[in-house]
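Biologist: I am new to reading protein models. Could you walk me through disulfides and cavities?

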Amino acid sequence: MAGFKLSAVVGLLGLAASALAAPAPVYSAPTTTFSVPKITAPVEPVTNVTSHGPYTGPPPTTTGALSTSVLAPSIPALPPGPDAFKYPSDGQLHAPQPAPYTPAGGVGTNGSAPVYRMLSDFDYQSIALALYQEWIELDLFHWGLDRFSVEDFEEAGLTAEDRHLIEYMANQEVGHATLLSNMLGPSAPNQCTYNYPAMNVHEFIDFCQKLTRYGEAGVYGFLNHLNAHDVGQMLLQSITTEARQQMIFRQFEGLFPTPEWFQVGIPQSWAWTLLAPYISSCPENNTRLVWQNYPALYILNQPNPFRINGSNVWNETTGGGYTNTASYRDIEEKDDCTKANSTGISCAPGITRNRSMPLSYPGRQVFLEWDEPGKPIGPNNSYVTDTKAGAPKFAAWVSQLNVTYSHLEDIKGNRAYTIQPDVSTFDGNPAINGTIFLVLTDEDLYVTPYNLTQLNPHVYAVGMYQSG
């Protein structure tokens, strides 16, 4: 063994000697060449919305969701298709390969060129909804930067670099709006005017993280149902950017950035229900949507992420129900986690935060109130809240892969309470965590992520719950 080591050393010395004898290499200074693209695709024209606030115009001439002849009150539930269990799923190949290294099957894999256009009313209305979402995000991010001063942001713990990131996220929305507008064509919805439930930077950030949450979840809910899979691919590559935005706003809010193992998807009508109340007016002849607007669900003791004990609250939301945006007003300094410095207590902006006192927990009593249907809402007050459900009996907690029901207790008129369930997706992953969706239903219907829209006829009211 010693001889081996000696030989190795001798060899290394020989290499070193030959290296010293070799002439020194000559290096040239590096150069950088920039090429200017001959063609740059233009973005959708964008204007800064100068008017914000509730709608004060004349009564609308058109009301209600877009509709045509309706064939049935609901889509009946059916068993799995005849080929649902046909494939053996045993790790072997069961058909000839169409090309080397390519298994048989798949959608859009036969070599046909994609065209990136809508193939059905479902496609058009879903992408139009997503475009309404992109427009409000673009305006909201700009509005916050304009509405609040540098001092306001710095008081909230957000620096110039953080503000630049919000501006950059607004620029991302320009690209998303351009992409969807191009695929929809000339009738694509245009920018509108908006009304936001935020009076300070903290409330602005909370509303942003909730709005990007239902925008993201609304797309996940329909993405794999589109007839136009090529359109879905393009949308996927934009909505994953929005998922990153939602995480960033959680970090700005001092929340744990990714408390879930899985992201939730919701039906289009839930997303439109949560979005429409914050649209004041739209241009004349703006494309209308088919989706339902449910009544609002108010969470009377919505957890407040700005409090050290965020679960010990009452009526600390702004702007009514639906998103149930957290209020930063009237929090005493001793209870304000944004001002705290201790680990486990501070909720100042940061890459990640762990709270010693959780925002919510299994067994928590959650007090609820809900509106009756028939309320004008959305652009120009031209939509009307509606439900086909009977009187609410259950709260459906929609998060990650799960829909979990809890009974409504002590129902008195339009008020009740329920108990937050103790449920997990898999061992070690509490299902109710993060920013989730809470809806009232008249039935505890069994549904899964792919057929969640089957619950729509049973939904009475829709809201968001800040569980973690």
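Modeller: Gladly; we will take the disulfides and then the cavities of this predicted model.

Biologist: How many disulfides does the structure hold?

Modeller: A disulfide is called when two cysteine sulfur atoms lie within 2.5 Å. The structure holds two of them. One is formed by Cys-192 and Cys-282, with sulfur atoms 2.0 Å apart. This pair links distant parts of the chain, 90 residues apart: Cys-192 sits in the loop between α4 and β1, and Cys-282 in the loop between β2 and β3. A disulfide also joins Cys-337 to Cys-347, again 2.0 Å from S to S.

Biologist: Are Cys-337 and Cys-347 buried or exposed?

Modeller: Buried means under 20% relative accessible area. Cys-337 has 0%, so it is buried, and Cys-347 is buried too, at 2%.

Biologist: Which cysteine is in no disulfide?

Modeller: That is Cys-208, whose nearest cysteine sulfur, that of Cys-347, is 17 Å away. Cys-208 counts as buried because its relative accessibility is 0%.

Biologist: Which element gives the most to the lining of the largest cavity?

Modeller: Helix α5 does, with five residues. The lining includes Tyr-214, Phe-222 and Glu-242.

Terms used
Residues numbered from 1 in each chain as written. Predicted model: local features only at pLDDT ≥ 70, side-chain atom pairs only at ≥ 80, totals over all residues. Heavy atoms only, no water. 1 Å grid on protein atoms, 1.4 Å probe; cavity = no way out; pocket = protein on both sides within 12 Å on 5 of 7 lines; lining within 4 Å. Helix = DSSP H or I, 4+ residues; strand = E, 2+ residues; numbered from the N terminus. Buried < 20%, exposed > 50% of the residue type's maximum accessible area, 1.4 Å probe, protein only.
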